Amino acid sequence: MSSAPAMPQLLVLPDGRRLPLDKPVVSVGSDATCDAVLVAPGVKPSHALLFRDARGWSVSPAGKGCDIKVRGRRVDLAPLEPGDRFRVGTVELELIEAVESVASDAAEVAPRRQDGRLVAVLAELSSRLLVQRPPLELLEVAMRGLADVVGADVGFLVAADSREGPRRVLCSTGASPDAAVVDSLVDRVLTSGAPVRVADVEADAALARAPSMEALRLGSALVVPLRVEPVPLSVVYLGRRLGAPAFSAVALEEAMALSALTALLLSTRRELTELRAQVEGLTRRIEAATFEGLIGESPSMRALYRQVERLGPTPLNVLVTGETGTGKELVARALHRRSGRRGRLVAINCAALPESLIERELFGHARGAFTGAGTERAGLVEAADGGTLFLDEIGDMPLSLQTRLLRVVQEREVTRLGEHQPRKVDVRVVSATHVALEEAVRRGTFRADLRFRLEEVRVDVPPLRARGEDVLLIAHHVLAQEARKARGFTQKASEALRGHPFPGNVRELASRVRRAAVLATDELLRPEDLELGGDAAPMIPLEEAREAFVQRYVREAIARCGGSKKDAAAALGIGLRSLFRYLGEGD
Ligand SMILES: Nc1ncnc2c1ncn2[C@@H]1O[C@H](COP(=O)(O)OP(=O)(O)OP(=O)(O)O)[C@@H](O)[C@H]1O
């Protein structure tokens, strides 16, 4: 930049258009936001980037799989000379020098700062963020942008892992980098975090002898902090050569503003990257933790999957028990799918229909069996022949119908209403209940013989609050299905989900997440979005509240012990096994 201004260059597009290369980085691709938009086979939305540095222009692919050929050879990075042709996908482009008049205009104005440069640099940085360049590359764009905006002849990005740690030059523009790392100005800014402007180096004898000033023959310098990951501490060092106008106070302000904006953009990018990684990690976990539509990786759910795998192929009638919304119907369907039975799964909810309707639906009827029975009709028992009959809320089956049902399970035959001749059926019955059938038997509302027939084996579905992290996996799964703006949960929301007792179990969780996803406007859902603030918690039985509190307290203790369950158990005065039990992760 200190030498005579280079001749402006143009990029010649296939249709003859000439794009002036008047910013430090020019993007090429099929996306409308690119500087050079090329809609052609083999051109990716963001395909190539042209950079300008002290040596001139270079071209590089904008991402993986973006094919670029210079002089017939595939390249990852190649310098470009005027007259060079290169291929982006199937399209050939050419770099040429601008005509004399443009060059002389530029030379006449010879601007140290060009209008719109700041905006161009920011636009460049944001568009790079969108194509997910590695952070170091982004820092380089930021550093080059800063140098460009303030009209510096040289620029370095110097980083250190600690205030006293060794300094490293991560990237530079305009000069060999070694000089800056031992500079006292760099030390000063790295230690204090405050920017420094030296308007006239020669006025300060000590500074004038500083290695960078001597080696690079600098007349003025700006050093500004840049606080962004992945380097804990970094500074941008900008210099103008002896004889050039000194950096003004405005230049320092501009450099600071751009540095702050860069930091903001890069930290947003980091948050987004983290969120993406979190979502990808969870998606993989969800895939690995899914069994026949049930999601869960907790020991209790894994035990359930094993039980379903074992029982599925047997002819045993299964009673599925569990609180409301725990997934009993999903378990019944899993049992059917794992049964290998060729018939259908036919379901009926015994609590949802009046007695007469259940009777007709289940057992079918002959023509004229009752008023309105214009035609004969097979019932659900027959429809489930060769398959599975799922009787949901079996505890609500009216006593009068229980005898007929007993015949189905005991004799394997069904008699339609209005008929006398039984028909043979081969059904396996899976029933579900959220109330204890023993209790119903004791009260006299359920036949003991029917209970034993239906409960040849029992599968207990655990409540959601006893499934540890499963709540988060299911929450993420529901959120992903909604495909709204919200893509994850804040740390606090995750904690609130883990701590909530969920009396309505998975159904309650799913509806909370769905509602929050529809209403929320941010990328991360907060506890308030899920209505998991203190007051909104529903009243629950004391025993459940106690369990939930203990679980939350134990989790908090683990967090306070830096994640060590052993230390947390010791601090709480309980054994490790008890700690796991309180966490709902079994003995
Ligand atoms: N482990 C799970 N993973 C993902 N989704 C689940 C899981 N368990 C249940 N669900 C979903 O939660 C909802 C309620 O499940 P389901 O109807 O099977 O519960 P249920 O115990 O039969 O309820 P009820 O006692 O009210 O009949 C359904 O939308 C179901 O898909």
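In this predicted model, a backbone N or O atom of Gly325 lies 3.1 Å from an oxygen atom of the ligand.

| Residue | Protein atom | Distance to a ligand oxygen atom |
|---|---|---|
| Gly325 | backbone N or O | 3.1 Å |

The shell around the ligand holds 17 residues, of which Ile295, Thr324, Lys328, Glu329 and Arg507 come nearest. By residue class, this shell divides into 6 nonpolar, 5 polar and 6 charged members. Strand S18 (294–295), helix H10 (328–337) and helix H18 (505–519) each supply at least two residues of the shell, and H10 gives the most, with 3 residues. At the level of domains, at least three shell residues come from domain 3 (294–460), and at least three come from domain 4 (464–530).

A separate feature comes from the sequence record: the unreviewed UniProt entry carries the annotation "coiled-coil region" for residues 258–292. In the model, the chain over residues 258–292 is 89% helix and 6% strand, with its end C-alpha atoms 53 Å apart.

How values were computed
Residues are numbered from 1 along each chain as its sequence is written. This is a predicted model: local features need pLDDT of at least 70, side-chain atom pairs count only at pLDDT 80 or more; totals for chains, interfaces and linings use all residues. Side-chain values use heavy atoms; hydrogens and water are left out. UniProt positions are given in the numbering used here, feature names are shortened, and annotations may be inferred rather than shown by experiment. Helices (H or I, at least four residues) and strands (E, at least two) are DSSP runs, numbered from the N terminus. A residue is near a molecule or strand if one of its heavy atoms lies within 4 Å of it. A polar contact is a pair of N or O atoms within 3.5 Å; within protein, one must be able to donate a hydrogen and the other to accept it, and residues adjacent in sequence count only if both atoms are side-chain atoms. Ala, Val, Leu, Ile, Met, Phe, Trp, Tyr, Cys and Pro count as nonpolar, Asp, Glu, Lys and Arg as charged, and the others, Gly among them, as polar. Domain bounds come from an automatic or database domain assignment.
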